[in-house]
Structures are given as C-alpha cells and as structure tokens.
Amino acid sequence: MTQEKSPEWPLWEVFIRGQHGASHRHVGSLHAPDAEIAIKNARDVYTRRKEGVSIWVVPTTAIAASNPDMKGPLYDPSDSKPYRHPTFFDIPKDVGAM
Amino acid sequence: MSEALFEYLLRLGDNSLILGHRLSEWCGKAPILEEDIAISNVALDFIGQTQLWLGLAGEIEGAGRSADDLAMLRDAWDFRNILLVEQPNGNFGDTLMRQYLFDAWHVLLLQGLVESSNDRISAIAQKIVKEVQYHIERSRDLVIRLGDGTPESHDKMQSALDRFWPYVGEMFIVDTVEQHLIDDGIIPDTSALRGAFDAEIAATFDAATLTLPNSSFAHQGGKSGTRHSEHLGHLLTQMQWLQRAYPGATW
C-alpha cells in the first residue's frame, strides 16, 4: 500500500458545499492515508458545526498553481480595463442575485 | 418491570459513559491531529448518549436522581457497563479494536431498539443510531487499514483482537433482566444479533488479514455489576473526583 517510505500521511485539500451554497469552497487541508479516510477526517474536522452537506477532497499534489512571481504580468494588465466589468448594464430586479 | 427497565437503561447509559470517558483520555495525545479530533468527536457523541439514557433511567427510577447524579455519584459495583468498555486504552490500535468490536454490536442493538414498544426508547434510539452508523464506518475502515498495513501495524491489531476477544461474549448474554424486556418487546433479543455480528466482523477481519481467535470463552460480570475489573475503579476515581471533592459543584 505504501509507495513512498514517508512516515507522514499525504496532504489533502478539502472543499465543502455549504447548506445553501451552490458550489464547493476550499476550507482547508488535512492529512489522511487515503481518499476515503480523508473524507471522514474532513467530516470530523470541518463539518462539526453543520457547515456543509457535501465534501470533496483532492490530493494537494494534484493541484497546479499559478506562479506567485508572475503576479504582475498575469493580473496587472486588467487593472485599467473597467469596460470589462458589466457595471454598464441595468439588471432587472426580477433577475435577483447574479 | 420498571426495575428491569431501570437496570437495562443503566446498562445502555453506562456503556456510553465509560466508553466515552475512555475515548476522551486520548484528547490532546492521539497519534495524529485528525484522529485526535475524530476520536474526541466520538467521545462527545457517547457522552451525549449517556445524558439521554441515564436521564430516562432517572425518570423511570422515580427517586429524583438526574443523569449527572447517576454518572458521578455511584460507585463501581453500581455500574452496569459491559467489561469491554472499561478496559484500558492500550495503544491506539487497541483502542480502535475495542471500538470496532463495540460498534459492530452497538449498531445492531440500536437498530433493534428503534423498533422498541417503548416510545421513549425508540425515539432516543432513532436519534443515536445515526451517530453509531458513522462510528462503525470509521472504526471498521481503520481496523482494515491497520490490519492490512505494515507488518508492525498488523501484529498490533492482531494482538489487540486477541486481547479483547474474550470480552465479546458478554454483549450477547441474555439474563433475566433482558429476558423480561425482550418478552415485552421493549428490547431486541440480543442473542439473536450474534449472527449478523459474526458476519460483520468476519468480512472486516478477512479484509484486515486478521485471524479470529479460536475460543468462545467470555468474561462476564460487567453488566450485572457483580465482577467489574479493577480498571473501572481507577477510571471512576478520575472521572468523579470533582463531584466527590466539591459536592454539588456546577459550572
């Protein structure tokens, strides 16, 4: 069962869908030997106060992240482009929250 | 009749109380943070169950004793928990094995109590059975993973099973107290749960590569209160000291 000889259990990222929320949100991380136990641990660590109705866990190593050093080139160019925000449209009240 | 019911409710409440206290002894020092939180959650589930069962026991007794009185002001010989739950925690594998053997019986018992002819008991069982279904999911998973883990974890789980196996039989013994209640449809026939229990543990231990000891010897005397092990007194000394030292203290 063990591929790598590490005494530490692998790290998992935990996503929980709240009672009324539509999408799963990242809530934190934890250690577990496998996915099934990770879900059980997430249940005990993150849903003790009725925070959610559904749990996802993802091995932390499976997450690819953008490079923090590239913050400037990646995000600054959108600073001066307010026309990309849909604030110039009147949204009818009946539509509700978007 | 109400005497038998009181006696039986003590058994239910004391099982939860003593096992809950045992699990709480891990709080802050379980082998890994996630397990520490999980086992403390389970301990709290059991203390919650205790309040319901001992609360009802006090009502049935009608002598004005509350759940707290029953928990904190009785001595060892008045406790009615099975011997299994008062056994010391041992290593973490021991604790998980003790838990799994208890859970496998507990979930069947509660499913039976849901059908009780007594509305109060049925209502409490309906609330508790959900917690207990989760408990066994958890303890079963961990027993399988540690049994079928490294040679060291396998050996520890096998010796845990060998250690606790002689305490399994007491759970299925039907004495006169229970026979009265079975006849009245208040509780399920505990001895009839053995088949389902054996099937449950056989599948788990097969997956865990653990061998069931070839013995049906059973220690007895916990739920009758006649022969508790020395460990119960030590546990009560720690659990009850505050009420003993400062009678009536509240917070």
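This is a predicted model: local features need pLDDT of at least 70, side-chain atom pairs count only at pLDDT 80 or more; totals for chains, interfaces and linings use all residues.

In general, two packed helices are described by the angle between their axes together with the distance between the axes. The crossing of H1(A) and H2(B) also has a handedness, and it is left-handed.

Which residues bring H1(A) and H2(B) together? From H1(A) come Asn41(A), Asp44(A) and Val45(A), and these meet Glu34(B), Ile37(B), Ala38(B) and Asn41(B) in H2(B). Sorted by class, the contact of H1(A) with H2(B) has 3 nonpolar, 2 polar and 2 charged residues.

Turning to the two chains as a whole, 9 residues of chain B are in contact with 12 residues of chain A. On the side of chain B that touches chain A, the elements giving two or more residues are H2 and helix H6 (119–147) of chain B, and H2(B) gives the most, with 4 residues. By class, this side of chain B has 3 nonpolar, 2 polar and 4 charged residues.

Helix H2 of chain B also holds Gln51(B). Is Gln51(B) buried, partly exposed or exposed? Because Gln51(B) has 16 C-beta neighbours inside 10 Å, this residue counts as partly exposed. Gln51(B) and Thr211(B) are 160 residues apart along the chain, and their C-alpha atoms are separated by 37 Å.

Note on methods: Residues are numbered from 1 along each chain as its sequence is written. Chains are lettered from A and ligands numbered from 1 in the order in which they are written. A crossing is left-handed if the near helix is turned anticlockwise from the far one by less than a right angle, and right-handed if clockwise. Two residues are in contact if their C-beta atoms, placed from the backbone, lie within 7 Å. Ala, Val, Leu, Ile, Met, Phe, Trp, Tyr, Cys and Pro count as nonpolar, Asp, Glu, Lys and Arg as charged, and the others, Gly among them, as polar. A residue is buried if 20 or more other C-beta atoms lie within 10 Å of its own, exposed if 12 or fewer, and partly exposed in between; C-beta atoms are placed from the backbone.
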